[in-house]
Amino acid sequence: MSRMSLRHAVLGLLAEHPASGYDLMKLFETSLANVWPATQSQVYAELGKLAAGGLVTVSAQGPRGRKEYAITEDGLAELRHWLVETEPDRVRRSEALLRVFFLGVLTPVEATAYLGLEAARAAEERAALEGLEASVDWGDDDMSVYGRLALEFGLRQTALREEWAKWAAERIEDRELPGRPG
């Protein structure tokens, strides 16, 4: 995970409303897991960096050292700059798809088994997203509206991956192999 994108994910969540590190982790789990997962240590480390840089401030303190953070004007300006004036990183790397290029070194049975597993993984991911979709109390706030758009991307992408993997396995099964009667 690049630090810059984590930085902007945290700023974006805080732009909706102030939150503690714990609250941010829950938001990551229920809203950004499909798009940009993060660990607790990454989120807390980023909060410290953002606070040191003046992009967030501690807006409240509670028991056991609980701190609630709010985005500052500088933080909001940084988030807006990132959204409007920078180009997203569009580099795509997929080890799963790279392996497809080299499935020819396997037997057709092994290759179709690999693709079957890819289809099953995509179906599992989609089922998890469907469960998340059903568990969220969707409203008309920005986080719900735009979060729902991002979730829909994940639902469609996993459906496409499953469909493609099944299609690819059929192509291998139908392929005439050398030495096989046609």
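**Salt bridges, sheet and surface in a predicted model**

Tutor: In this predicted model, Glu87 forms a salt bridge with Arg90, and the closest N and O atoms are 3.0 Å apart.

Student: What makes the contact between Glu87 and Arg90 a salt bridge?

Tutor: A salt bridge requires a side-chain nitrogen of Lys or Arg within 4 Å of a carboxyl oxygen of Asp or Glu; the closest N and O atoms of this pair are 3.0 Å apart, and the contact therefore meets the definition. Both Glu87 and Arg90 are exposed.

Student: Which parts of the chain does the salt bridge between Glu125 and Arg161 tie together, and why can one say so?

Tutor: The side chains of Glu125 and Arg161 meet at 2.8 Å, N to O. Glu125 belongs to helix 6 (residues 108-135) and Arg161 to helix 7 (residues 142-174), so the pair links parts that are 36 residues apart in sequence. Salt bridges with shared partners also join Arg126, Glu130, Glu162 and Lys166 into one network.

Student: Why is Arg161 called partly exposed?

Tutor: The term covers what lies between buried, under 20% relative accessible area, and exposed, over 50%; Arg161 has 29% relative accessibility and therefore counts as partly exposed.

Student: Why are strand 1 and strand 2 said to stand at the edges?

Tutor: The open sheet has three strands in the order 1-3-2, with antiparallel pairing. Strand 1 (19-20) and strand 2 (56-61) each have a single partner strand, so one side of each is left without a neighbour in the sheet.

Student: Why is Val84 called exposed?

Tutor: The relative accessible area of Val84 is 63%, and the label follows because exposed means over 50%. Val84 is found in helix 4 (residues 73-85), and together with Trp82 and Leu83 forms a nonpolar surface patch with about 320 Å² of accessible area.

How values were computed: Residues numbered from 1 in each chain as written. Predicted model: local features only at pLDDT ≥ 70, side-chain atom pairs only at ≥ 80, totals over all residues. Heavy atoms only, no water. Patch = residues over 30% accessible without salt bridge, like charges linked within 9 Å, V, L, I, M, F, W, Y side chains within 5 Å. Areas by Shrake-Rupley, 256 points an atom, 1.4 Å probe, with all protein chains shown as cover. Helix = DSSP H or I, 4+ residues; strand = E, 2+ residues; numbered from the N terminus. Buried < 20%, exposed > 50% of the residue type's maximum accessible area, 1.4 Å probe, protein only. Pairing = 2+ DSSP bridges.
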